[in-house]
Structures are given as C-alpha cells and as structure tokens.
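Open the model in your viewer and keep the sequence panel beside it. The stops below go one selection at a time.

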Amino acid sequence: MKREGYITWDEYFMGIAKLSAMRSKDPGTQVGACIVNRENRIMSMGYNGMPKGCSDDCFPWAREGGMLDTKYAFVCHAELNAILNFRGGSLAGCKVYTTLFPCNECAKAIIQIGITEVIYLEDKYADTDGVRASKKMFDSAGVKYTPFVKKGTHIEFDL
C-alpha cells in the first residue's frame, strides 16, 4: 500500500514558490514564483530582487520617497524573473504558482509568454489599479487565475 498524507501537486509547487521567496533580500515583501508545465515538471523559478549585476547593497529597498530612492524603479518581480530565467523551449500552456497576485507589468509578460493559469497565494493588493488591470488583461486573454486553497498543511525541515 502506498503512503498516505503526501502533499498535492499544488502544495508542492506553491511550497517551491514560497521557498524561492525566501531568497529575496527585499525587507518588506518577499515573493516567489514557480512555472510548471502540463506534465507537472518545473520549467523555471524566480523571486523578487535586483537585476543581475546590480548589487543588493547599492540600490534602495525603501518603499517611500522619490522614484530613484525606492525599490520600485529597480526590483525585478518574481514572475518576470521566472520567465527570464527559463532557458529554452516554450512556456505556452504552463501554469505559474506565485505567492502574490501578479502586477500589471508581470501580467503582460505572463500573457505574452503563453502561460495559461496563475495560482496565487495572496491577493493583498486586489484594490489597486495595477491588480485590477492584471485581472482585466487576464480575463481578456483567457488566462485563468485561481486562489491557492490552503489545507493547513505545515511543512518543517532543517537546513
């Protein structure tokens, strides 16, 4: 008889997105993303952080101030990083698991690359114009967005 109590695919991939988020150096918001194909194979992962070659110590992490004094002009979001980290082939028909609902800029990239479903853990910016724009574009392009269903599974391990 097989073991019972194993995690579902959704729990597995969201767990990987959450683990990826732990790589983020952003003191305010850590986001992770995991792109998966139809065969439940991981195609790519990403987290929010500075672009390659831009030192985490030389760019701002502030949330308030002028554009060049905050992180917003510089940080690459988890979903975009996962798309840009992909090396070869196609992401058409894939799903992306993300710990935070994608912004409108990431939504554009998700649509353009052919991802067909977004599974998200949190939608804490649902009332912002950016997320409203994301949902409007997803609806228009036929990209399904689904909240992750928490079952209360707790995973703990030592590194």
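**Stop one: the loop**

Select asparagine 37, in the loop between E1 and E2. Helices (H or I, at least four residues) and strands (E, at least two) are DSSP runs, numbered from the N terminus. This is a predicted model: local features need pLDDT of at least 70, side-chain atom pairs count only at pLDDT 80 or more, and totals for chains, interfaces and linings use all residues. Residues are numbered from 1 along each chain as its sequence is written, and side-chain values use heavy atoms, with hydrogens and water left out.

Is asparagine 37 buried or exposed? Its relative accessibility is 13%, so it counts as buried (under 20% relative accessible area; exposed is over 50%, partly exposed in between; 1.4 Å probe, protein chains only). The side chain of asparagine 37 reaches the backbone nitrogen of glutamate 39 at 2.9 Å. Leaving out residues up to four places away in sequence, asparagine 37 touches Met43 and Cys94 (contact: heavy atoms within 4.5 Å).

Now pick asparagine 40, also found in the loop between E1 and E2. Its phi is near 60°, a positive value in a residue other than glycine. Asparagine 40 counts as partly exposed, at 22% relative accessibility.

**Stop two: helix H2**

Select residues 78–85, helix H2. Ala78, Glu79, Asn81, Ala82 and Ile83 are buried there. Show their surroundings: these buried residues pack against strands E1 (32–36), E2 (42–47) and E3 (95–100), and against helix H3 (104–113).

**Stop three: helix H1**

Go to glutamate 11, in helix H1 (residues 9–21). Glutamate 11 is buried, with a relative accessible area of 10%. Phe148, Lys151 and Thr153 touch glutamate 11, not counting residues up to four places away in sequence.

Conventions
A polar contact is a pair of N or O atoms within 3.5 Å; within protein, one must be able to donate a hydrogen and the other to accept it, and residues adjacent in sequence count only if both atoms are side-chain atoms.
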